Amino acid sequence: MPSLATLTATTTGLPCREEPAPFFSTDPNERHYAARQCHRCPLLLACQQHALATREQHGVWGGVDFEARAMGCGTERGYQVHLRRKQEVCPRCQAVHDEAVEANRRRLLELAHREGGTVRGYAMHRKLGERPCDGCRSAQGRQSAKRRERLRAEAARPCAPVVALEPAEPLRGPHAGAHALAIAS
Ligand code: SF4
Ligand SMILES: [Zn+2]
Ligand SMILES: [Zn+2]
């Protein structure tokens with residue numbers, strides 16, 4: 001079987017030769033685009049096998065984004081790597097992350113419901129975009145009532161008496177009659 005180098009040298013119309021930039025782009029969306037272009041390449045399988053055999057860590061080969069593969073794209077680890085590198089998160093990592101966040105919110109909601117509904121459960125319902133259940137609504141209502149009660153009590157509390165300040169020492173000389181602090185500023 002001829003090497004990939006020989007095959008690419010003797011084959012015309014390779015997408016990665018027509019438009020090479022996206023194949024080694026740092027932008028996962030551009031590499032995703034490049035991987036789709038490979039599907040019209042006659043060397044797809046040979047190229048992919050070569051990249052697997054040589055453990056490629058960068059770029060797109062045979063329709064596979066080897067950079068994404070190396071960094072764990074499609075997992076929570078991949079999502080964290082995108083963030084660390086200050087990259088735009090790829091759709092696969094975003095989907096996995098969103099799923100994990102939703103699963104965590106569902107877990108917290110379940111705990112809240114074991115207690116008959118809580119304020120945190122109310123917040124989880126909201127974050128999940130659903131109408132809070134009666135138990136969580138009551139818990140939230142009780143907390144709001146307590147907060148209103150506290151604010152009312154604070155408003156009704158008498159103010160601390162105003163302490164008269166000692167008059168500042170009068171200035172002498174050319175500034176006589178002016179306030180000392182006004183001059184200092
Ligand atoms: S399969 Fe390989 S040779 Fe073909 S376009 Fe993709 S990267 Fe290039
Ligand atoms: Zn990713
Ligand atoms: Zn609830």
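The following exercises, each with a worked solution, concern a predicted model of a protein with a ligand.

Residues are numbered from 1 along each chain as its sequence is written, and chains are lettered from A and ligands numbered from 1 in the order in which they are written. Local features need pLDDT of at least 70 and side-chain atom pairs count only at pLDDT 80 or more, while totals for chains, interfaces and linings use all residues.

**Exercise 1.** Determine how many helices and strands the protein has, and in what order the elements run.

*Solution.* Helices (H or I, at least four residues) and strands (E, at least two) are DSSP runs, numbered from the N terminus. The protein has ten helices and two strands. From the N terminus on, the order is α-α-α-α-β-β-α-α-α-α-α-α.

**Exercise 2.** Identify the residues that come nearest to ligand 1, and classify the shell around ligand 1.

*Solution.* A residue is near a molecule if its C-beta atom, placed from the backbone, lies within 6 Å of it. Of the 13 residues around ligand 1, the nearest are Pro15, Cys16, Cys38, Cys41 and Cys47. Two or more residues each come from helix 2 (15–18), helix 4 (44–53) and strand 1 (60–61). For the classes, Ala, Val, Leu, Ile, Met, Phe, Trp, Tyr, Cys and Pro count as nonpolar, Asp, Glu, Lys and Arg as charged, and the others, Gly among them, as polar. The shell then divides into eleven nonpolar, two polar and no charged residues.

**Exercise 3.** State what share of the protein is buried, and list the residues of the largest nonpolar core.

*Solution.* A residue is buried if 20 or more other C-beta atoms lie within 10 Å of its own, exposed if 12 or fewer, and partly exposed in between, with C-beta atoms placed from the backbone. Of the 185 residues, 19% count as buried. A nonpolar core is a set of buried Ala, Val, Leu, Ile, Met, Phe, Trp, Tyr and Cys residues joined through C-beta atoms within 7 Å. The largest has nine residues: Cys16, Phe23, Ala34, Cys38, Cys47, Ala51, Val60, Trp61 and Phe66. Helix 4 and strand 1 each give two or more residues to this core. A second, separate core has seven residues, including Met71, Cys73, Cys90 and Cys93.

**Exercise 4.** Locate Arg55 and Lys86, and decide whether each is buried or exposed.

*Solution.* Most residues other than glycine have a negative phi. Arg55, however, has a positive phi of about 50°, and Lys86 one of about 55°. Arg55 is found in the loop between helix 4 and strand 1; with 8 other C-beta atoms within 10 Å, Arg55 is exposed. Lys86 lies in the loop between helix 6 (76–84) and helix 7 (91–114), and counts as exposed with 6 C-beta neighbours inside 10 Å.
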